[in-house]
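Hi,

Here is the structure I promised to pass on.

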Amino acid sequence: MSDVLKALKQRYPGAKTFKFGDSAELCEELVALVRSGKKVATCGALRDYDAGEAMPEIGRQDIALNWDDTPALVIETAELVQCRFDEITEAMALAEGEDDSLEEWRAGHSAYFERNGGFSPDMQIVWERFRLIEDLG
């Protein structure tokens, strides 16, 4: 762990680290959307949390990493919703800041989940609204 990350973990006790996306390009794009204020939410497959990824918790401040493991952002979870993929509303999808419609969100996210362990319209999703606490860029 880098000295910078160690110092951040001291400043934000209990913080978990994570990366947005599943590639360097997507990670960079999503971090930029958070920085711009357009992305205020994200989601993940419940199965990934069941497999050991840190589950978000309301009020916890977490550190988003760049693809190269350097710290990019600190966010704080403000809201959590667990639901089926096909129950995500347009408002929830648009809060993720990546698409202009629910249909675009569904197309992009179904492909993402298919690449990362499989997709089903009734799969359980953990949707998270967050606020940017610190931009480390």
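Below is what turned up, starting with the pocket and ending with the cysteines.

Before anything else, keep in mind that this is a predicted model.

The largest pocket has a volume of about 610 Å³. Its lining is made up of 32 residues, and those closest to the centre are K19, G21, T42, C43 and Y112. If you want to find the pocket on screen, look for β1 (17-19), α2 (24-36), β2 (41-45), α3 (46-50) and α5 (102-115), the elements that each give two or more residues to its lining. Which of them gives the most? That would be α5, with five residues. As for the kinds of residue in the lining of this pocket, 14 are charged, eleven are nonpolar and seven are polar.

The cysteines

How many disulfides does the model have? The count comes to zero. Take C27: the nearest cysteine sulfur belongs to C43 and is 15 Å away, so C27 is in no disulfide, given that the two sulfurs would have to be within 2.5 Å. C27 is also buried, with a relative accessible area of 1%.

C83 has C43 as its closest partner too, judging by the sulfurs. The distance there is 8.6 Å, which is too far for a bond. C83 counts as buried as well, at 8% relative accessibility, where the limit for that word is under 20%.

So try picking out C43 when you open the file: this cysteine is listed among the residues closest to the centre of the largest pocket, and its sulfur is the closest one to that of C83.

Cheers

Conventions:
Residues numbered from 1 in each chain as written. Predicted model: local features only at pLDDT ≥ 70, side-chain atom pairs only at ≥ 80, totals over all residues. Heavy atoms only, no water. 1 Å grid on protein atoms, 1.4 Å probe; cavity = no way out; pocket = protein on both sides within 12 Å on 5 of 7 lines; lining within 4 Å. Points joined across faces, edges and corners; volume = space filled by probe spheres on them. Helix = DSSP H or I, 4+ residues; strand = E, 2+ residues; numbered from the N terminus. Nonpolar A, V, L, I, M, F, W, Y, C, P; charged D, E, K, R; others polar. Buried < 20%, exposed > 50% of the residue type's maximum accessible area, 1.4 Å probe, protein only.
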